[in-house]
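Please keep the sequence and the structure in view while reading.

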Amino acid sequence: FTGKAVTAYGGFALLAKLFEKLDFRAEIEKIVPFRETSPNSTGVFAKVLCFGLTVLAGGRRFSHAMFLGDSLEIYEAEFSVKRVPKSITAVTRFFRRIRSFQMAERFAERLWAYTYSRVIPFAEIGSDYLTLDSTVVTRYGEQEGAEVGYNPKKKGRPSHHPIVAFLNRSKYVVNLWNRSGDTASGNGCLEFTKQTWARISSKIKILGVLCDSAFYRVDLVEFIERQCVPYVICAILSRAIQKEIAKVEKWQKVAENIDVSEFTFQHKDKKWEKQRRYIVIRQSAPLSRKIPQGKQLSFFKEDELISSYRYGCYLTSHNEEPEQVWRTYRLRAGDEGIIKENKEDFALDGFSLDKFYSVEAAMLLRALFYNIINLFRSKVLADEEKRQTLQTLRMKYLLIPAVLGRDGKDIVLRLGIRARDLRQKILWIINRLDVLFPKCIAVGATM
């Protein structure tokens, strides 16, 4: 046994330096919509830090704060906090204080203001596609807002139904709302899109809007058209749409077993005031191969030719050839990876609490940590590492044994790295942080 302060996460020193460069502590204390006045309180930043480090260490629930070990003085020294909470109940009580819509709104507004101003480099990105998507988060328990609704993988299970907005190419999350599990897919989509647009349209050139079928709503379509921005929205395969697809006779082959065509269509609903352009994709595959993406036309199961294909249909304002519109929409394939990473690496479907707005606040903080890690890998790391997930980066740079000690009067963290190339890489990252974020005074490091 040893009485020295030892941690498995010596690589958190890199994050401590990045947090300092981003003024993370000062901004978090502004973001949180309440103050702690107790003389025994650890402070709001210490609680957010404990939560964030648990997430980055791979935790999926609050009890996983044990991943950090018992040498909390290491994190206190790294992140310059007086005391990191030893009891995870201090963190859960922190989130439960965000219990009303008004408080949650203040928290969200401040968090996104910080994210846009310090974390997402809009000036460097310049232009990007805005992607709007929804997902299902299964819950186990009796959490507020966890209701039985659309849940394709866990049918009959309570869930939350959040909607998310991304920048397609640069992979940053730019907005997130949590919703009750029994909420219809399109509920709140227009308001969500308006809020997202108002926040980012002045900061970046939006090349187009890409949406899943939850956003197939005429009021949303009209709003995007008023912004004079092209869009591609996955259409719901209603009976009327299926009839139009079945009428298509001319198909253009764009790849093996993939054909594309187009048609114009106007719903009979009075809200759809004009005809719009639709792009339709059909895919077939030999029985020995993977089932193609898309859906069968359920109203034409008796037609052998039609039922041998899977179809996808997209509403668009683009003027390009159908194949190009389809390839533009295929950019959304990367967004599924973003949601997957947020669920698997940042536990979007974890850290459940009994109060709805507490859950949303925890989601927003995880979105902030996701954006910070995305900034770290896209701006700091080498080109071959820019697409690596947090799980990979955790194994490479965060899971490094370290011991807290002294060098004369100075407190130092000694990283247990024997490989010379990894030592050089860590030093290279530290130097690169100083170069890319020069405004903050660098903190010395000893290995």
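Of the 447 residues of the protein chain, 54% count as buried, where buried means under 20% relative accessible area, exposed means over 50% and partly exposed lies in between, with a 1.4 Å probe and protein chains only. The model is predicted, and for that reason local features need pLDDT of at least 70 and side-chain atom pairs count only at pLDDT 80 or more, while totals for chains, interfaces and linings use all residues. Residues are numbered from 1 along each chain as its sequence is written, and side-chain values use heavy atoms, with hydrogens and water left out.

**The chain as a whole**

- The secondary structure of the protein chain comes to 16 helices and 15 strands, which are DSSP runs numbered from the N terminus (helices are H or I with at least four residues, strands are E with at least two).
- The radius of gyration of the protein chain is 25 Å, close to the 22 Å that the globule rule gives for 447 residues, so the chain is as compact as a globular protein of that length; the radius is taken over C-alpha atoms, and the rule is 2.2 Å times the number of residues to the power 0.38.
- The C-alpha trace of the protein chain spans about 80 × 50 × 45 Å along its principal axes.
- Among contacts in the protein chain between residues at least 6 apart in sequence, 68% join residues at least 24 apart, a contact being heavy atoms within 4.5 Å.
- The protein chain exposes about 22,100 Å², of which carbon and sulfur atoms supply 49%; accessible areas come from the Shrake-Rupley method with a 1.4 Å probe, and for residues only the protein chains shown count as cover.

**The sheet of 9 strands**

- An open sheet of 9 strands runs in the order β7-β6-β2-β8-β9-β13-β12-β11-β10 with mixed pairing, two strands being paired if DSSP finds at least two bridges between them.
- The edge strands of this sheet are β7 (173-177) and β10 (252-255), each of which pairs on one side only.
- Neighbouring strands of this sheet are turned by 25° against each other on average, direction ignored; axes are lines fitted to C-alpha atoms, for helices over the stretch in contact, and angles run from 0 to 180 degrees between N-to-C directions.
- Helix α9 (residues 218-226) lies across β8 (205-211), β9 (231-234), β12 and β13, and runs at about 170° to β9.
- Helix α10 (residues 239-247) lies across β11, β12 and β13, and runs at about 120° to β11.

- In strand β12 (residues 276-283), 8 of the 8 residues are buried, so the strand is largely enclosed by the rest of the structure.
- Both faces of β12 are covered, with Arg 276, Tyr 278, Val 280 and Arg 282 buried on one side and Arg 277, Ile 279, Ile 281 and Gln 283 buried on the other.
- Strand β11 (residues 258-265) pairs with β12 in the antiparallel sense over 8 bridges; Ile 258 has Gln 283 as its bridge partner, and Phe 265 has Arg 276.
- Strand β13 (residues 310-316) is joined to β12 by 7 bridges and the two run antiparallel, with Ile 281 standing opposite Gly 312 in β13.

**The sheet of 3 strands**

- A further open sheet has 3 strands in the order β3-β5-β4 with antiparallel pairing, and its edge strands are β3 (137-138) and β4 (147-148).
- β3 and strand β5 (residues 158-160) pair over 2 bridges, and Thr 138 stands opposite Ser 159 in β5.

**Nonpolar cores**

- A nonpolar core is a set of buried Ala, Val, Leu, Ile, Met, Phe, Trp, Tyr and Cys residues joined through side-chain atoms within 4.5 Å.
- Of the 134 residues in the largest nonpolar core, Phe 12, Phe 51, Tyr 75, Phe 95 and Tyr 278 touch the most other members.
- Helix α14 (residues 356-380) gives the most to this core, with 15 residues.
- Apart from this core lies another, of 13 residues, among them Tyr 129, Leu 210, Val 254 and Tyr 329.

**Two single residues**

- Thr 328 lies in helix α12 (residues 322-329) and is buried, with a relative accessible area of 7%; not counting residues up to four places away in sequence, Thr 328 touches Tyr 129, Leu 210 and His 318.
- Leu 207 lies in strand β8 and counts as partly exposed at 24% relative accessibility; residues that Leu 207 touches include Tyr 129, Arg 169 and Pro 230.
- The C-alpha atoms of Leu 207 and Pro 230, 23 residues apart along the chain, are separated by 7.4 Å.
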